[in-house]
Each structure stands twice: as C-alpha cells, then as structure tokens.
Amino acid sequence: MTAESEILSELEAIRLIDPHTHINPYAPASRTLADILGYHYYTELTHSAGLERERIEQQGLDPKEKVGRLVPWLHTIENTAQYSWLLEMCRVFFDFDDERITESNWEALYDLSAAKMQSDDWESTVLDVSGLDQVYLTNDFDDALTDFDTEFYVPCLRTDDLVFHFEKPDTRERLSSATEITVHNAETMRQALGSLFDHFTSNNARACAISLPPDFSPAPVTDPRADTVLQKVANGSTLDTGERLDLRSFVFWALAEQCSERHLPFDLMIGVNRRVYEGGVVQGQDLYDKRVSLIQYRQLFNAFPNVTFPTSVLSETSGQELVSYAWIFPNVVPHGHWWYSNIPVFIEQDCRARLQAVPQTKQVGYYSDMYKLEFALPKFAMYRRILARVLAADFVEDRG
Amino acid sequence: MTAESEILSELEAIRLIDPHTHINPYAPASRTLADILGYHYYTELTHSAGLERERIEQQGLDPKEKVGRLVPWLHTIENTAQYSWLLEMCRVFFDFDDERITESNWEALYDLSAAKMQSDDWESTVLDVSGLDQVYLTNDFDDALTDFDTEFYVPCLRTDDLVFHFEKPDTRERLSSATEITVHNAETMRQALGSLFDHFTSNNARACAISLPPDFSPAPVTDPRADTVLQKVANGSTLDTGERLDLRSFVFWALAEQCSERHLPFDLMIGVNRRVYEGGVVQGQDLYDKRVSLIQYRQLFNAFPNVTFPTSVLSETSGQELVSYAWIFPNVVPHGHWWYSNIPVFIEQDCRARLQAVPQTKQVGYYSDMYKLEFALPKFAMYRRILARVLAADFVEDRG
Amino acid sequence: MTAESEILSELEAIRLIDPHTHINPYAPASRTLADILGYHYYTELTHSAGLERERIEQQGLDPKEKVGRLVPWLHTIENTAQYSWLLEMCRVFFDFDDERITESNWEALYDLSAAKMQSDDWESTVLDVSGLDQVYLTNDFDDALTDFDTEFYVPCLRTDDLVFHFEKPDTRERLSSATEITVHNAETMRQALGSLFDHFTSNNARACAISLPPDFSPAPVTDPRADTVLQKVANGSTLDTGERLDLRSFVFWALAEQCSERHLPFDLMIGVNRRVYEGGVVQGQDLYDKRVSLIQYRQLFNAFPNVTFPTSVLSETSGQELVSYAWIFPNVVPHGHWWYSNIPVFIEQDCRARLQAVPQTKQVGYYSDMYKLEFALPKFAMYRRILARVLAADFVEDRG
C-alpha cells in the first residue's frame, strides 16, 4: 500500500462538516436529474459550449425535457472536473456504469434516478453515503429559520444585500419588516443589525458571511458621516460615489462589530464581480478582476483581533496572499477553495502552500458550495484525492 | 506501455494546424543556421548572458560569421527550453548527434545543415517531417497576399498598426495607398477597414489579430467623437491623452464590427509592453506589466456575442482568468501559450486548468509563433510531451 | 540510483556561498535553543496559532523560560516547512531523534543543545557541517565593519533607512556622524553616499541592498528639485507626498550611481509593506500587496546597464516577471527565494521557470536570510532536494 493510498483511506474515514453551501433546508436533496444538471456549473459550461440560454431557462420547462436538452451538449464538457462529479454521482447514487451520458442512455438514467430520488428516505440515504455530519447554509438576512433542524442544517447570515444593495427600496423594506426598525442613521442601523444577529444566533447560526467585489477596501466611517448618508438613503435620494462607498464601509464595519460582540466568525469571500456576462445563465454571469489584494483588509484585520475571518479568494493569484496573511494574522483563516479556484490544479497548489506555511489548527479544508446534497460526495472525494497526493508527496517523501 | 506514452503516441499521429506564426510565405524555411539562431529567442538570451547586441546585429554580417559569434555563448543557455528546441532541430533535421553545440563542432554542423537547407525540396521536407497541414500567417494590413498558396499559408490580418500607430503619417499613407480611401472621420475609417477586410477575406484570411498593451481597456466611442478625433489626426494635429485613447478604442471597436460582419475570429494577444528594453536586440525589447485583467474586455465580449475571440495572455498570472472567462463567455476561447508563457512550467499549469474547466470544443491547443518552419517540430513536440503527461496524470490516474 | 538522487549527491558536494543573511558577525551562532526558536518564523507562526505576543516578548525573559513557553504551541505548526527546519537542526546538531518536540522532551533537548552551543568551537562546527564558504551580511549604513573577518562574513550596505527614512532626524544624525557630512542638497547627499561606499568597499563589501514597498516606482530626479527637497528636510520641514516620493527616488537613484561607479551589485528585494500587522511579534508584522510589477523598474534597468541587479520578489505572482526580465535585461539576475515565497511549493515553481528560461550563468540559486548560522543547513538542504527533483523531472526525464 502506498503512502498516498494509506493516507486516502484515513481521510475517507473522517466524517464531514460542510462549512459553506447553498442548500435549501426544506428541499436539500434532488428530486430529478434536472436538479443536478440545473446546478449552474452544467448550465454555464454547456451554454459556453453553444447551448442557448433560452433553451434551458424557458418558463415552465418540464424537468425531463430540460435534461433532454442538456444531454446532447454534455460531450463538449466531458473533459471537465465538473463532468467527473456528474459521472461519480450517477455511478454511486444511481448505479450508472456507462462511460458517458449520451442521447441513447440518458432516459433510462433519468427514470431510474427519479425513482430513487423520489423515495421517502432519499435525503437520509445521501447523507449517510456522503458521511456528512453538518451542513452550513447561506441564509438571507430575513430568513425565518423555522421548521428545520438547525443542529444539522446550520444557519449562516449572508449579508451581501445589506452591504451592497441597501440603497434598493426592496432591501430596506425587507430589513424593516424583519426587524421592525426603520433605519435612518448609524444608531438605527446598529439596532437593526443587532436584531438580525439576535435572531440568527438564537437559531444556532455559526457564521456571518459575505462575498465582496475586487475593488472593495473597507475602512471605518464616523457616525456623523454615516448619519448623513443613511438619512439620504432613507429620504430616497441618490448617493454619489463617495457616499456609496462610505455606506458600504459603514454597514460592513457594523457587521464586523456584531461578529465581535457575538463571537461569530465572519466569512469573507473576496473578489467577485457580479453580472459581468449579462447574457449568461442564472448564476453563470459572474467573473472577476484578479487585481485585488488582501492589503485592502489590513484595517479590518487589525481592528477586530477577536473576530475570526475564514477567508476565501476567487483568483488563484490571491492564494499566496491568503497563506501569508493567515501565517501572520492570528484571526485570518484560509477557508475552502472557491468557485473558479475549485478545480484540481488550483486546489493542489493552494493545499500545498497552506500545509507548508499555515498552522494546522487554522485550516478549514474544503466546502462544497453545493445547491443539492448529492454534490458533497464527488466534491469532497476530489478534495481527498488531492490532499492525499499532496500529503504523500510533500510530507512523506520529502521528509523521508 | 504507460498511459502517458500511449497518449503521446496518439498525439504524435495527429496532423497539425499552426494557428499563429510569423512565417514569411515567400521564404518559409531557413537557408542557413543563421536563420535559426537569428530567431529572437537565441539572440535575446545570449545577449542577456553578455553578448553585445552590436556583434550580432552588425550591418551586412555574413550568416556563417553570425553563427560563429553566437556559438561561444550557447553554453550559457544550455539549460533553457529554447536551447532544447535548437538541439532537437539539429538532431532531427541535420543528423547532429553531439550533446551540445560548441566552438569545435559548429562549423561542421553549419556546413552540413546549409547543404540540406539549400536543396530545392527543403521546405517540403520540413513540412513533411513536421506533420503540418496549415500554417497561419501574420500579415501587415497592406500585404498584397499574392503569389503564395493561401490554402496552406493562411493569411491573418494583423492590426496593431491601425489601432496603436494610426497617428503616424506612415500608417495613414499605407492605409490610403492600400484602400484608396483617405480617412478623416468615422465613416471613412469604416470604409477603409471594410476594404481591408474585403481584400483579406477574398484571399482566404481566417482571422483578424492584434497584440494589446496591459493598460488597454476598450470601450465604444460615438461617431461624433470619432469624427472629431480622426479629423484632428487627418489635419496632422497632435492628440491629447483622452483623444488618443478614444482613437484606439474606436479603431479597435470598428475592427470587431468587421469581424462580426465577416464571421471572422478576432485573435487577442493581451498584455505586451513594447520597447521596454530599448538597448535590446531586434524583437528582444518587449516585456509586460502583469497587472492586467480580462475584466478590461468585459464590454467587448458582451457587445460581440457572435465574434469568437481566441485569446492569448502574456503573463501566467492571467492564465486562470482566461480559463474562467472561457468557461463563462461562449465567445472566449483560450488560444495557445504565448511567448514568456511558452515554457514547460507555465504550459503545464495552463493545460491542466484549461482541460479541467473549459469545454473541450473550445480549446485551441498550441501555436508555434515561429519565424521559420523548422521550429514547429521541437515546439509542438514539447507541447505534446506536456499534454501527454497532464492527460495521463489528471485524467487517467485521477479518474481510475 | 535514480537520476534525482544522483543529482542530489552532486549538489550536496558543492560548498556554499550564502549571498543574503542577517547574521551578526560578532555572534553568528546560537547560544541556546531560544536563539533558534526566537527566529521570527517560529514566533510569528505560534503567535498566529494563538500564543500571545507578550508571553514571548516579555522584557528580560530567561531563554529557557522563553523556549518553555513556545514549546506547547509547536504542535500547531508541525505541518509547516519551518518546523521541518527546526527538527532537522535538532537532529543534525543536537542528536535529537524523537519525532516531535513536546512538553515532555524539550528540556533534555534544551540542556543538551545548550552544552553544545556554548562550547568554544561551536561556530566552526556549524560552518563545517554546513559547508559554508562565505556568508554575506546585512549591515546598517553606519556599521563600523571592524573586528570580524570580512573575507568570510562579507559586508553588504543595506540602504532602506537612507531611502525611506531620511526624513527621520535619527537617520540624518547617523549619516552625518558616519560621514562627517551634513546633507542639505543633492551634492552633499552624493558626497555622503560616496563616503559610505568608500567605507564599505574598502572593507570588502560586495553588494548594496534594499527592500522596497510594492508601490515604489523610481525615476530620476533633477538636482534642482533634489536641492529644494533636501533643503526642506534639513530645515526640519515636513514634506508633502510629491516631495517625499522625489526624495526617495533621488536617494535611490544616487545609490545606483554609486553602484555603477564602484562596480557593486545592487540587490533589490521588491514588494514588502512594513508594519501591516502592528500587533505582531518582532519581524512578524510585514506583509505585501501582490499588485506590483517589475515594469516599475523599467527606467532603472535601462539607466544603469553596467549595474547588476540581483532581484528578489516577495509575491510568487512576480516570479514569472522576474524570469522574463532576467531573460531580456542583461543586468537583471534572479536572486534566491524570498520570505513568503521561501516554501517548497513556490521555490519549485520558481526553480523550474528560472532553469527553463534564464541563462544559467545569471542565476543566484538560494540564500538563507538567516539570523543564526544553524539555519543554513536545513534551508539549503530543502533547496537542494527541490532542485534535484526539478532537474531530474524537467531536464533528465523530459529530454531523454
């Protein structure tokens, strides 16, 4: 038995906590293959290869018909890591054993898998096979958090809307309806956020989370300035660029203050530009500008030494900065392998760097980012294989 | 037989289209070793190691004397990928079987190779051994495109001069002489470009191409603004910085419009700064600023959904962006491994990322960028070895 | 015997010159384990893992007590490259053969190692075992350079204070006291620097060196402008931002002029931001902004063709730029693997790129950056293992 396979066996025996997902706790598992192939990875890759967006996003499209439209395009992405996840799910969960999904075998697969997915114990079957002990959610700030097991499906307060879309009337209405507080100055903003944090922490929330554009560079904003800007927003006035930046910094900083008071980690996902490709499929429109540095968070990391910041970066060119900042700042923790960096070549590079230079007690290995539970299995399996290879090569062979 | 060598055999059986070269179709093959050692890779590397530029760029230098001056410096670059290409060419084409080219063996090599290269069938011999089916050229916009086989040596319209040097009288004279149109506003610019595209597409041109500096960020320019700026240029006035940027954006955008109308791909080579080292040898003066992002082309990619953009990047730090943009935008295609990224360590990293995350139907593997035909052989061989290793490791071993 | 182990044996036979260290020539070797564990790599990593700074930086802390406070935290960094250096030093120098340093075995190790380190021949023992032939120092500009063997401990003139802290009265006082020249204009600055260079070169100095922040972009400054700015500084006036930048550029340029006159290399260490984490341990407060490019040194490299610039970069994302600039500019030389890039994953990537594309006569392989002599052994050993692997994989296997 090689060192690599020995390590892999040990890794496979570990039960999992998935610290970042987009699971809907009311419908965590898939019901048909359309739920799986509807994951944006497949729609965006096949669209990139030529499939028209309208064909798969047509209003009221039947799930089986949707899969039937996607399948003829799957041959274009057979090389991708994402396709390998699909095949692995079909093999493990649906007894599929062909080499590829084609126009001639997909219907049988669809029908067989639908029968399995629609059985009553499907969710527990998936969880059991996948070895999951906890699944962290991504909850809107006004999520009721009722009627699901928050010990297993752990709530996390997602705050993008509050920081980046507070000027939108809809966001403000949702906030005042969730908190019964109308925000018009710094003090009422803090009260409203406090009320959200009360709600979330009393429902077992374990993190506050946000995704951030590459040009965001937060700094403290004084209360008088925040009063002015928030009053303008409350009046329905349009902010100028400087005011908008200060609004965003103020809300972001106030969230960090709440995290500090509640001893809650603040998950940062740094580097995404939204709606770059406006003609793209749902969730397949975002890209990035790699010209971003963690130096933009210098003030934040210094200002909140008792807040842990599990940090993800979108660009692989930020991987070493994340390692170096986690090496120096006690409160910076490398967190998973996000999105465009979640393919083997970049995971492997990042794993090696983190294992070589960040204290082992500070590493949060992997999260699936999944929308449906079935994805945990192939994604964690991919991660384990890479980790086993890295550990064998860098830590067994190199150190003799 | 290992998976890697099995894959390599299959790759070696594939005939080649070389989609970007600097071949002169009237003199495609080398006549002496000086043509090969005159490739800028060798002059710039030996100059970097200490050889004075004047020694090898002396007016009227005899080819054999030029090689004689270069050879004593070759030992300084024996470690480089470029030297390995040289050795492979000498072995395959000239029956050379020493381990290195030295002051004591070069003359025999020179004479033997000259005899071979000056035989009548040398060009066809090289093409035959190299397995080339088509060679794409890089043609000046006023190239006559006559007297060569455009089915084999495929014309491509290179447009750097039009976008970046239109203020130079020489460029404008060449344009008006090629098109019989004097450009003085947006309309006449479109007519002149249309005339060039007519000429090129009627001569089997298969791409428009351009290299772009890292700070270029094209955006649409209105016709009235373009009229103003182009009139100024026509009058011989000097443009201010804003006008110059708008001129460049306007011409660039008008080229994309032509590509859209003619269904021609627009090859983008992103990231080069010209004449950074002014004391350098010919073609050995350019470098780059890695602080460039494909987000600068966001508007372009959205504005021209039916233009394919085969895109090359100069800095390896842009490799993941290229993969991500090709994953999301249907019209972005990763294209070859350009210049400073065309060495095994970066090719390997880029190959892995592209194969793991871009639809296989959208990948353009490799181009040689060669000035003389002999270079296709060692450069494609290098690429095949890397590709075989990547495919074996990531796709056979990892997926079982 | 594999190619890799054969190459490793050859590398191990080579005696070493360490071209960049922070060795104190009056106390080059450690006296206790506290000197070794006091190296900032261990204090910053354990602090990052949770050890309070005050516990290890307490005034008058006894060396053994300091080690006793660090040891319980070592388990948090057992995965790191830095820990592997520690273990290797303990094994080779102190006959340690446990798998880890723990609360139950550290005292025996401490006592045994102290006995060895306090023997009279400890320094020569370490040098002998390590194979060091020369150790380059980092000397303050006002260092007397007396009473040590400058043939072995080679002085280097470190100039950060002169360029970046000349506005501080302390720096100016040190300069005038070292040179007996009071700087108040361009001319007196040149005289003072000339005097420092006289002193250093007459004491066998072999390099001028400086570390540079990511936003530094030097350009020549005219003498009249420098006169104005230096007069303001001499008067004790505060400079505005433009004046400060010009002051820094002027002094930096004047240093390059001195290097040119004295035929002294100018070591550039590009990319560090100082005191980013102000609550960090000594020397564990600096980080970086990866958004830096060597294009910022374009004017410098062109202006001083006869000055060799051995260049280090902090961010791995600058690694390819360094290779490309060294490939083109005769006077740019890649120098070591600096700080946050000095871990195997980045060394390996950089080694491959440098070996594939920079003339072999221009490469300066490795420096230890050490504070105490014991570190040369594990750090060069790490480098040799990586180099052997890279040479075997890229140069033996790939070229057959």
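**Salt bridges and chain contacts in a predicted model**

I start with one pair: C:Asp133 forms a salt bridge with C:Arg15, with 2.7 Å between the closest N and O atoms. By salt bridge I mean a side-chain nitrogen of Lys or Arg within 4 Å of a carboxyl oxygen of Asp or Glu. The pair links distant parts of the chain, 118 residues apart: C:Asp133 sits in strand β2 (residues 132-136) of chain C, and C:Arg15 in the loop between α1 (3-12) and β1 (16-18). C:Asp133 counts as partly exposed at 37% relative accessibility, and C:Arg15 counts as partly exposed at 45%. Buried is under 20% relative accessible area, exposed is over 50%, and partly exposed is in between (1.4 Å probe, protein chains only). Helices (H or I, at least four residues) and strands (E, at least two) are DSSP runs, numbered from the N terminus.

Some ground rules. This is a predicted model, in which local features need pLDDT of at least 70 and side-chain atom pairs count only at pLDDT 80 or more, while totals for chains, interfaces and linings use all residues. Residues are numbered from 1 along each chain as its sequence is written, chains are lettered from A and ligands numbered from 1 in the order in which they are written, and side-chain values use heavy atoms, leaving out hydrogens and water.

Over all chains the structure holds 64 salt bridges. Another one joins B:Arg244 and B:Glu167 at 2.6 Å, N to O. Here too the pair links distant parts of the chain, 77 residues apart, with B:Arg244 in helix α13 (residues 241-262) and B:Glu167 in the loop between α9 (160-164) and α10 (169-179) of chain B. B:Arg244 is partly exposed at 26% relative accessible area, and B:Glu167 is partly exposed at 25%. In chain A, the side chains of A:Asp160 and A:Arg158 meet in a salt bridge at 2.6 Å, N to O, and both residues are buried.

Now the contacts between chains. How many residues of chain B are in contact with chain A? There are 35, against 43 residues of chain A, where contact means heavy atoms within 4.5 Å. Chains B and A bury about 3,300 Å² between them, 51% of it on carbon and sulfur atoms. Buried area is the accessible area (1.4 Å probe) that two parts lose on being put together, summed over both. On the chain B side, B:Gln320, B:Trp327 and B:Ile328 lose the most area to chain A, together 24% of what that side buries.

Across this interface there is one salt bridge. B:Arg352 pairs with A:Glu348, the closest N and O atoms being 3.2 Å apart. Helices α14 (298-303), α15 (319-328) and α16 (344-357) of chain B each supply at least two residues of the side that touches chain A. A:Glu348 and B:Arg352 also belong to a network of salt bridges with A:Arg389 and B:Asp394.

Between chain C and chain A the count is also one salt bridge: C:Glu348 and A:Arg352, at 3.2 Å, N to O. On the side of chain C that touches chain A, the elements giving two or more residues are α3 (40-49), α6 (81-94), α16 (344-357) and α17 (376-397). The largest share, six residues, comes from α3(C).

Last, helix α3 (residues 40-49) of chain A: 10 of its 10 residues are buried. A:Gly50 follows, with a positive phi near 135 degrees.
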